[in-house]
Amino acid sequence: MSEVIEVDVVVVGAGFAGMYMLHKLREQQLNVQVIEAGDDVGGTWYWNRYPGARCDVESMEYSYQFSEELQQQWNWSERYAAQPEILKYASHVADRFDLRDNIQFERRVVSASFDESCHKWLVTTDQGDRYKATFCIMGTGCLSSTNLPDFAGLNDFKGNWYHTGQWPKEGVDFTGKRVAVVGTGSSAIQSIPHIAAQAAHLTVFQRTANFSIPAHNGPLADDFVRQIKSEYAEFRKENRNMHGGFGSRFVRSKESILSVGDDEREQQFEENWALGGFQFLNAFADLSSSTETNQFAADFVRKKIRAMVDDEATATLLCPEQIIGCKRLCVDIDYYQTYNRPNVSLVSVKDNPIQGLTENGLMTTEQEYEFDIIVFATGFDAMTGSLLKMDISGKDGATLADKWHAGPHTLLGLQVNGFPNLFTISGPGSPSVLSNMVVSIQQHVDWISDCIAHMRLNSFTYIEAELAAEQAWVKHTNEIADRTLYPTCNSWYLGANIPGKVRVFMPYVGGLPAYAKKCDEVAKRGYEGFLMQSGGLR
Ligand code: N01
């Protein structure tokens, strides 16, 4: 067994969260060890290298804001950045702030256990490393544990299969191949046009049709970039005050859809469709308030799908039945148009589920399909998957898996009662996936960093979310989620995509500004709801 290395803090993951956490803690002269499974930084943008992978938040906003020099000097090329450019940015940040020396790559954390006698975490990796640290901070990401359905015969298939969330670094050549894509979420919708352009034939297996809005991507105009950079701090502040932490340069309508006539409604929808991406749902103030108001927007998009897709039967299959915005809205480039290609076909597996893989391809309850390559765009065990894959035990040896058997319980998505000195960056119960992730990450990292500074100043070695405060937060997050339409469809926000996972709406739906205000108030009141103690050995 390798010797135990003592550090102040172990951070798990070197994505956007882990990198900034390291930077902030080093400013406090703390000895930090980051542990990362990949061989470089970037997190989600390291693993999701599938063709067409791109961010759905605009590049001038999906970036760090802690360094004015960084945000002034870095240049994005497109309105929505593609994965290679975001990965290059992550690498640039690692170089610029000299982060790699404190990151242990190609190591996966397998366990973390709290030692009450000394108030320290013992963290172990799959390579047998052992670290002892006062604080353990999870920067493991919300969408990093891939979901591969339990299909029979995965090893029988003679061709190659891939998951979009674990794409090979060397890429995949689809030229002349018969290809299957399973799934029609964001990853599929982004990759399908690229795969179709190469493959001899592409067959898409769809269980549930999704709503997608065109990105209207393009190169960034110099004038636009110059204007944003001339007042970047103000621009960032305005975005932090937006519900999702992005989109301040667009108008969010305050008007009810029920107050306008047919023509005005259509015109407004057209205008917001032309803006692209998530802006579509800002056409009216109440599109997410009721099924009645939502139906107008859903009908408009279904009409657009029918106009874009030539074959009527295919268009019908592509028209989603659920509420728009209930599952995460997709943002695409030429997704629907791709079905007009002669080498693309769509198979609904709603009523004829995929049973498994065969030597030659895929078998549904209806028939066998032959392929050379199968791409699983089947998503993630979101928000809790990566945390629960590790064996995490807190006070009295209680495990996180047991604690969360009825769904994740946290205080502010930052800490869990029974697991002292453990922090979760963008954990369940925080806005996370409902917001611009980089903004939420930065807000969490700043809060955790300030909290640790406060503890050191006051010689505390122990912090734990109090049970009553945690229960009140969980109650509040559930109550506000239950007031929305979100719980009405089978989304990964609810864990509904994972067989056997408890159905609980996991992110905080009250918006980033209200959430950040609450976090600030808690800190100002001496970390109200968190128990702090001194006395652990250092
Ligand atoms: O995963 P998903 P994703 N048989 O869960 C289907 C972010 N992201 O990787 O809906 C057949 O959305 C499943 O069907 P159903 C973004 O937040 C962001 O695409 O469960 N099909 C669904 O169609 C996104 O929301 C970007 O009925 C099966 C698909 O697989 C999140 O990641 C880009 C099946 C999974 O869709 C997840 O997106 C990409 C089965 N057994 C991703 N099992 C950006 O733009 C599952 N499916 C930043």
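Which of the 23 residues around the ligand come nearest? They are R54, S187, R207, T208 and K327. A residue counts as near when one of its heavy atoms lies within 4 Å. The model is predicted, so local features need pLDDT of at least 70 and side-chain atom pairs pLDDT 80 or more, while totals for chains, interfaces and linings use all residues. Residues are numbered from 1 along each chain as its sequence is written, and side-chain values use heavy atoms, without hydrogens or water.

The shell around the ligand holds nine nonpolar, nine polar and five charged residues. Here Ala, Val, Leu, Ile, Met, Phe, Trp, Tyr, Cys and Pro are nonpolar, Asp, Glu, Lys and Arg are charged, and the others, Gly among them, are polar. Helix α5 (residues 186-198) gives the largest share of this shell, three residues.

A backbone N or O atom of T184 lies 2.9 Å from a ligand oxygen. For R328, a polar side-chain atom is 3.0 Å from an oxygen of the ligand. A polar backbone atom of A377 lies 3.3 Å from a ligand oxygen. Alone, the ligand exposes 920 Å², and the protein buries 89% of that (Shrake-Rupley method, 1.4 Å probe).

Elsewhere, helix α14 (residues 437-457) meets helix α16 (residues 512-524). Their axes come within 11 Å and cross at roughly 5°. The two helices are therefore roughly parallel (angles under 35 degrees). In α14, V439, S440, Q443, H444 and W447 contact L512, Y515, A516, C519, V522 and A523 of α16, with heavy atoms within 4.5 Å. This contact has eight nonpolar, three polar and no charged residues.

Conventions
Axes are lines fitted to C-alpha atoms, for helices over the stretch in contact, and angles run from 0 to 180 degrees between N-to-C directions. Helices (H or I, at least four residues) and strands (E, at least two) are DSSP runs, numbered from the N terminus. Angles under 35 degrees count as roughly parallel, over 145 as roughly antiparallel, 65 to 115 as roughly perpendicular and the rest as oblique. A polar contact is a pair of N or O atoms within 3.5 Å; within protein, one must be able to donate a hydrogen and the other to accept it, and residues adjacent in sequence count only if both atoms are side-chain atoms.
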